[in-house]
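Here's a quick tour of a two-chain complex, written for someone who likes the cut-offs spelled out. Have a look at the model first, then read on.

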Amino acid sequence: MGQNLRLLLMEDDSKAAALLSNRFRAEGAAVEHAANGAAGLEAARQGVFDVLVVDRMMPQMSGTEVVETLRGEGDTTPVLFLSALGEVDDRVAGFAAGGDDYLTKPYAFAELQARVTALARRNETAQVTQLQLADLQLDLLTREARRGDTKLDLNKREFDLLAYLLSHQGQIVTRDMLLQNVWNYGLDTQTNVVDVHISRLRGKLDKGFEPALLHTKRGQGFVLQADI
Amino acid sequence: MRTLLRLAGFRAALAYTALLLLAMALVLGLLYGRLVESTRMAQDNLIWREAAALSLTHQRDGVRGLAQAIDTVGAQDSYRASYLRLSDGLGSFIAGNLKEFPKVNTTDADGWLNFTEGGAPVRARLLQLDNNLVLLVGQDIADGENLLAAFRQAFVLALIAMLLVGLGGGAFLARRGLKQVEAIGAALKPVMEGDLSTRLNLRRDGAEWQALAAQINAMLAQLETLMGATRQVSDNLAHDLRAPLTRLRARLEGLLADTGEAALAGALEDVDGLLKSFNALLALSRLDSGVTTLNAEAVDVAALLADMHDLFAPIFDDNDMTLGLACADAPRLSGDAALLAQALVNLLENALAHAAIKGSIVTLAAHEDNGCFVLSVADGGAGIAPDQHERAMARFVQLDESRSQSGSGLGLSLVAAICAHHGGALVLRDNAPGLKAELHLPIKS
């Protein structure tokens, strides 16, 4: 996460807000916290932020009202809604109010971090076509993967999986994030379907190569990085 | 006509018409009987009077006088209303306007003869005047018979007219009733589609319909309140449980990041397991209560199945099983792709958990059947006894409780609720061996 990422967190649950602020600060972001909608609206008007993280249900002024007001005033700062309500119509209401992303509680911090980063980078138009980590290289146009001089024989899904992990290198990627972004389904699974795909990818990616790149973080997900 | 006959209103009208027809036929029958009786009496009296007069003439003036009188009557009777024939004991003609003895059609029990003369019906009587004289006195009764025939015709026409009016009126009333019921059905359609704010408006119609509409409206209002309450409760529950779980998860994640303690990773996995059960239960109760409205889009079934096959084939492979895919050109289905995918995931994970027999094949398939689109997952495991199929779809039921399975017992009930949400049904079948779970989804949903 960029050193200079400025974040405004509107969340009425002060304990949750404190935990969240600490995690973001530990990752190098500057976090301001507002404990209710009215304070949040005021803070958003006063300060300059890269991303607003807004709880939908807050006293005095709901998250959707705050964002509607800000959008009405011409503020285009990216907004990510946090909500305990995850139904489709709740999400639609969030987007209709002017939100750019919607995350249902409870969420893995890794997912929130990935989405906030994506929103902050939204305006960077540079199209990435090459991804790289240590001796691993991915060409998104020719869909070729190499470790050093060796071409990796990946099928379409394995390539997409690796591309997603690589574009989030160094960050923890949860199983839900992979299902949502690689398979495009928000699914609840009871089995380790994703782990099986990861272990196959690891077999092609790390077997016979040094250093190992794809690691499992127990209880959290997976991370692609050279040193651990 | 067959559909008309199924209508209660038409049947009632029909029964009422039949009763009225019966009563009317009875009245008309009695009337006709009396009419016949009095007509006959008038005709017979006329004949008796003529016979009495001629008999008197015979007594006073003898055979000659009688013959003369008969000829006089014949001469006067230009309309030939009377028929007379005087004959001797052997039947030879003496006088009258019937040269030959007529061919008698019927003879009544009380001695009346009926025959036809010159195309007209004639009623007559034979009188034995003395040993050698027989007098036939008859009367043309065409006028009376014509009158009776006219009455008969009128009565039959009246009955037919009444039958037609009864049928027509019944059909009209029944159709009107049907229209009302159809109007109510049409007005309630939005309710079926989830809009509980719909109300019936039958202000211009009969009191009984208004009463019914009022009842239905009261019921809808109650349903709307209940549904709102259910939604509120489930929203509150979601919020009140998710907020602390979010904190708990964040805390554990933070600690894990700081310390790297392995026990914390286990605790995180437990929290996620808890969340999955909670989400499944919440989704199920929302689907069941009808709070969730169907988020219908065109679903590419072939692509959906291919995606699920792609996702699950490796894990089946790791369990030494094979996941087959059998899907011909599938049409697009109107439905919620995410829910349908979740239903297939639950069925596939059931097959992994309960039918993990090495070397067996699990088939993911789709085909059209009788207006339904059928998505199925068929395994080669132990299956479920047919008498347990119903129970298997109930909530929190795990059939093989002896085995320690990690599932919540909500899997199949969630699949059933998703099918119902699409206007379809989950059907379990014996795959001999194994279980075949079919999602029957109406193509036009």
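In chain B, residues 24 or more positions apart account for 60% of the contacts with a separation of 6 or more, where a contact means two C-beta atoms, placed from the backbone, within 7 Å. For chain A, 57% of the contacts between residues at least 6 apart in sequence join residues at least 24 apart.

Some housekeeping: this is a predicted model, so local features need pLDDT of at least 70 and side-chain atom pairs count only at pLDDT 80 or more, while totals for chains, interfaces and linings use all residues. Residues are numbered from 1 along each chain as its sequence is written, with chains lettered from A and ligands numbered from 1 in the order in which they are written.

Here are the two chains side by side.

| Chain | Helices and strands | Buried residues |
|---|---|---|
| Chain A | eight helices, twelve strands | 38% of 228 residues |
| Chain B | nine helices, 13 strands | 25% of 445 residues |

On confidence, pLDDT is the predictor's per-residue score, from 0 to 100. Chain B averages 85, and 94% of its residues score at least 70. For the complex, the predictor gives an ipTM of 0.79 and a pTM of 0.65.

Now the interface. The contact takes 32 residues from chain A and 41 residues from chain B. On the chain A side, helix H1 (14-26) and helix H8 (193-205) each supply at least two residues, and the largest share, six residues, comes from H1(A). That side divides into 15 nonpolar, eight polar and nine charged residues. Here Ala, Val, Leu, Ile, Met, Phe, Trp, Tyr, Cys and Pro count as nonpolar, Asp, Glu, Lys and Arg as charged, and the others, Gly among them, as polar.

Inside chain A, helix H2 (residues 37-46) and helix H3 (residues 63-72) pack at an angle of about 25 degrees, with axes 9 Å apart. The axes are lines fitted to C-alpha atoms over the stretch in contact, and angles run from 0 to 180 degrees between N-to-C directions. That makes H2(A) roughly parallel to H3(A), a label for angles under 35 degrees.

Methods. Helix = DSSP H or I, 4+ residues; strand = E, 2+ residues; numbered from the N terminus. Parallel < 35°, antiparallel > 145°, perpendicular 65-115°, else oblique. Buried ≥ 20, exposed ≤ 12 C-beta atoms within 10 Å, placed from the backbone.
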